[in-house]
There are 4 protein chains.
Amino acid sequence: MTRVGILTSGGDCPGLNAVIRGAVLKGTTVHGQEFVGFLDGWRGLVEGDVMELDRPTVRGLSHQGGTILGTSRFGPYQGPNGGAENISRTLARLGVDAVIAIGGEGTAAASQRLHDEGIHIVGVPKTIDNDLDQTDYTFGFDTAVEVATEAIDRLRTTGNSHKRCMVLEVMGRGAGWIALHSGTAGGAHAILVPEFPESIEQICAWVNSVRERGRSPMVVVAEGFTLPDMTHAHSTKGLDGFARPRLGGIGEVLAPMIEERTGIETRATVLGHIQRGGVPTAFDRVLATRLGMAVTDLVDRQEWGNMVALHGTDIVSVHFDEALADHKTVPVERYQEMRVIFG
Amino acid sequence: MTRVGILTSGGDCPGLNAVIRGAVLKGTTVHGQEFVGFLDGWRGLVEGDVMELDRPTVRGLSHQGGTILGTSRFGPYQGPNGGAENISRTLARLGVDAVIAIGGEGTAAASQRLHDEGIHIVGVPKTIDNDLDQTDYTFGFDTAVEVATEAIDRLRTTGNSHKRCMVLEVMGRGAGWIALHSGTAGGAHAILVPEFPESIEQICAWVNSVRERGRSPMVVVAEGFTLPDMTHAHSTKGLDGFARPRLGGIGEVLAPMIEERTGIETRATVLGHIQRGGVPTAFDRVLATRLGMAVTDLVDRQEWGNMVALHGTDIVSVHFDEALADHKTVPVERYQEMRVIFG
Amino acid sequence: MTRVGILTSGGDCPGLNAVIRGAVLKGTTVHGQEFVGFLDGWRGLVEGDVMELDRPTVRGLSHQGGTILGTSRFGPYQGPNGGAENISRTLARLGVDAVIAIGGEGTAAASQRLHDEGIHIVGVPKTIDNDLDQTDYTFGFDTAVEVATEAIDRLRTTGNSHKRCMVLEVMGRGAGWIALHSGTAGGAHAILVPEFPESIEQICAWVNSVRERGRSPMVVVAEGFTLPDMTHAHSTKGLDGFARPRLGGIGEVLAPMIEERTGIETRATVLGHIQRGGVPTAFDRVLATRLGMAVTDLVDRQEWGNMVALHGTDIVSVHFDEALADHKTVPVERYQEMRVIFG
Amino acid sequence: MTRVGILTSGGDCPGLNAVIRGAVLKGTTVHGQEFVGFLDGWRGLVEGDVMELDRPTVRGLSHQGGTILGTSRFGPYQGPNGGAENISRTLARLGVDAVIAIGGEGTAAASQRLHDEGIHIVGVPKTIDNDLDQTDYTFGFDTAVEVATEAIDRLRTTGNSHKRCMVLEVMGRGAGWIALHSGTAGGAHAILVPEFPESIEQICAWVNSVRERGRSPMVVVAEGFTLPDMTHAHSTKGLDGFARPRLGGIGEVLAPMIEERTGIETRATVLGHIQRGGVPTAFDRVLATRLGMAVTDLVDRQEWGNMVALHGTDIVSVHFDEALADHKTVPVERYQEMRVIFG
């Protein structure tokens, strides 16, 4: 009987528990696998800290946010017991034949390296930012977009009542997917993403145009958005030459700038961690369950060094190195398509 | 300036308003089109019953359920003013150059025929059942699944408190997509779809196995599911030789049969129309908005006889006849993948 | 140390777990009590079937629907081990000094009798129907109203799209509180409650008047509503002389009658069990937590024969017999206040 | 026929539209009143800026957040046209006989003064903070608590996954009602309110105790909470001698202090404006509708100088000066009741 260890690594993400449940249900029923969970991501693997995972353990997990295994930013090459050789010994001692690593880009890179060094490892891509290439969507993203969209729906009525401009800052450091989708769903008048800097003059032009039509402007901004012309008072310059906010998030930087330039009372809300917790949407639960089930097939077929991914409506498998080749950012057509109706 | 008429036909579906809004916003801004809406589906087109659609009209529509244009099951070849020739004259009289028909299979078939007879027509696929081929998902489906999943979440706690078997009947006459996805998301112990009849003995075996593990069975059934061995008392035979329920839906047929055979108190809930109304999920709003925007490109490029569709993360265009070639039902692998963990 | 047994009896109700959690947290921390739970309502008490309840057991229960203790319609005078004398022996054997019974009218009546026969018992009122006198609201009611209101919100958009009359049947056999509140919140055009029969002619007059204003009629009906003039075909006569539906609920009886008389396409939805399951609203969680905390004070002060209740914003205590004296139905002023704006 | 003007003043609050709808529906139907709305609160009254309010205008408003009349912080004694004498002339010119002012403490005080100077005015209390005396609850509060509770539910799973302490800052400058209720509903481990300062040592003792039990601490803090011992680096001293945060909200002040003292990674979320916008809960819609209906009775009976209020389950009327006599803060018993189970 193959004994499989699962770990969840990096930032929390709605659907992690559904992946675990899907893997355990299919693995035990179809492939005759048995499962342990490594606690707190790679730390549990490195330190041999495990819990048993059987059918009763994963009961009711599909709708539960978070991860029963815990997560951390600890890496597999960290500490005195880290590294492929030590991990190999630890796995042998625990009688674990294969590892399923659920995580983001960092996890995939570490998994690739461990795979190169002989560890039997497969992966499930995870990021609420949706910025992993080689998969149409990552689980958790749909929930984050839904939470952000509900926030826009609420802010919009308050904006209208007060004739204010409302700015909502959502997650997305390197990619603006959450901003793009929630802004589209919520009918935002401007959507600002890291991929496409816009000047404060342009933003204010949109805001003014909305106001002239008698409406209250709604601006959605990804945390990683930068102004090309951010003034010194609000920012420091990053290595890429672009200005970065000094205090608070970009939302809190933009609001007073918009208010000052347009004369329209402007309020910022930073949505923060509520985007990555709680009950997953049905979409994310289905995707996560399918990925969890499919990754046990990879183990069964010993397709080490691969991770599962969504292509259209199919779950497929891709090599870690393929998955890591590109960062999936918002393409210019998707941005332009929305930009033409800003304002 | 191209003048475009939009109509929404067939059953209500969350996201219709978002399609309309997307089309009007992009069409007016980018392509210099102007828009009218035909009221109550094809009836408005046949009878020349229209409303103006401009930017203020579509304000705030992205998050609004239903359709501001109204819908009906009226067909374009119906009544004294129906048929391509009459419609052609009506369009000329109204100064409308092109028609965007948002609807399901029947609408696509009618659109194809009108196209063949010279009407400038393009389409947007719509069905909460998700059973249209040539598009990965149809808008409205995600909302229906979310509503059904929330119902499962609620029923599950009550089932557990009373140690009852709960049966939830969801929409899906010819295809079991809503049942499959909501059942997967909600962690159902059996998912019954029209595509794959199961015997009452098999269903009760699953129910009993759940009870033996100390849990309360949750069964999700699509309205079109049939028992191969449905007894005369509960059904009449359809043309396909399969039994059909006589009174109430299949959920209300199954519940007493399960209770009688297993001795487990069983309750049925028929979710009904709340699956096709109300605020769309963010996923559906984004998909609907993108489809609405893209269909104005078809008009602009005069690609008559095509409809927009989702392939992976891209909006593409497909011919009506291609779209009509196949009915998209749950494939056997998707069903088997879940079936192995039933019970 | 006082050892207290808790049981939950009768129909499931959102907030039961929050009551249990509130009692255990306050009882253990403030009064030095310790707790056991009787399984499946009175059955667990009668048969001595218990589980330990300590702080870890009640972790995370405030937002969890259902009851971890299980519930049933078993009564304390039922079976060979029922009755005050047997129960007294069972409690002594288990070392349990006092009983907290969470339940509805039947539970209160049984508790009163057990109290008269010397059992140390106190109560927490529970009914999603909100029909217990001596308490402003019962927990679970607010959640049921919220679920019903969300259903109305969804049905309304579909009704408007199709120009249909939508009928929603909600819970409430003897009292129309859920219908009254959800109908008010959802802006229904007619609210039909058991307390105030209305003729089908009157109902159709309201429906027609709505249609004449160009809107789609929304009718909310409590399951216990009866028509004074229900025709034989749809009903049998009850002992009170009023007609009762024969097949399906009252919603399914009304819909075809309305459609036949008004010519307006009419659809019924029966909401059913999803009203009594799932995550409680914040209101119900707060109320349930406060009641659970307060009932441990009754135990501490040995105020046997009392139950906790909500008066305004205060939790007070009332005798079981007081609580049982009257059934709280919708008062005529509350009904009339809404009735004047029907149609 | 009495012509009544309605205005909504101060901060946005879910349920304002339901009050307006309730008043117009009952006033026109029962009392033969007709209605106008003053735009943007007192500004519309002072400047004579009005819109007609009839039955079609208020269609569908019960579930709509915000206020169709707009709101502002403008006062009735402000500007060249302010003051009772000018207002009296404006009302006469518009043919308006009576004013319904929906607002908070400031609005009630201004209304009292206008009443003393002869204006026919009645009121509806409004504050999401729930801090108005003489009414059990104000509409909007329940929605704010629900939104905050949903945020806690989401943050809790993320806290558990990362073993972090999560701090949620909710509204409540002078009264901690939203924090108290959402913290109770969400099962927070510490609830910090303006009424009861707690030292950072005490807060960290609670946080540590939670961690020692193996759980992730959840702290809910009202924006008006202050630390008696806030260090200079984080605050400035207010006139009351208590320290006040200098940058960001109190949540952002507390998080690093907790992290530094306990060594537990701590994250703050400031919920902000989403608490006061969007779809109201069913509870708030019912309360708001009833208040709106009842205030037209005050107009009908010419009970000038009164506002409507909720006592238990009844809508009653109270004088403005009574209503203004006391600020309703969290009483010590309610706080202590929860405090004993903190940690």
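A polar contact is a pair of N or O atoms within 3.5 Å, in which, within protein, one atom must be able to donate a hydrogen and the other to accept it. In the predicted model described here, the rule finds twelve residue pairs in polar contact across the interface of chain C and chain D, with both residues of each pair at pLDDT 80 or more. On the side of chain C that touches chain D, the elements giving two or more residues are α1 (16-30), α5 (141-162), α6 (177-186), α9 (282-300) and α11 (332-339) of chain C. Of these, α9(C) gives the most, with seven residues. Sorted by class, this side of chain C has twelve nonpolar, 16 polar and 14 charged residues.

The extent of the interface was also computed. Chain C contributes 42 residues to the contact, and chain D likewise contributes 42 residues. Between them, chain C and chain D bury about 3800 Å², of which 56% lies on carbon and sulfur atoms. Two salt bridges are counted between chain C and chain D. A salt bridge joins R285(C) to D153(D), and the closest N and O atoms of this pair are 2.8 Å apart.

Chain A contains eleven helices and 13 strands. Taken along the principal axes, the C-alpha atoms of chain A fill a box of roughly 70 × 40 × 30 Å. Of the 343 residues of chain A, 66% count as buried. Among the contacts in chain A with a separation of 6 or more, 73% are accounted for by residues 24 or more positions apart.

One residue of chain B was considered individually. T296(B) is located in helix α9 of chain B, which covers residues 282-300. The relative accessibility of T296(B) is 0%, and T296(B) therefore counts as buried, the cut-off for this class being under 20% relative accessible area. When residues up to four places away in sequence are not counted, T296(B) touches A23(B), K26(B), G27(B), H31(B), Q33(B) and F35(B).

How values were computed:
Residues numbered from 1 in each chain as written. Chains lettered and ligands numbered in written order. Predicted model: local features only at pLDDT ≥ 70, side-chain atom pairs only at ≥ 80, totals over all residues. Heavy atoms only, no water. Contact = heavy atoms within 4.5 Å. Buried area = accessible area lost by both parts, 1.4 Å probe. Salt bridge = Lys/Arg side-chain N within 4 Å of Asp/Glu carboxyl O. Polar contact = N/O pair within 3.5 Å; in protein donor to acceptor, adjacent residues only side chain to side chain. Helix = DSSP H or I, 4+ residues; strand = E, 2+ residues; numbered from the N terminus. Nonpolar A, V, L, I, M, F, W, Y, C, P; charged D, E, K, R; others polar. Buried < 20%, exposed > 50% of the residue type's maximum accessible area, 1.4 Å probe, protein only.
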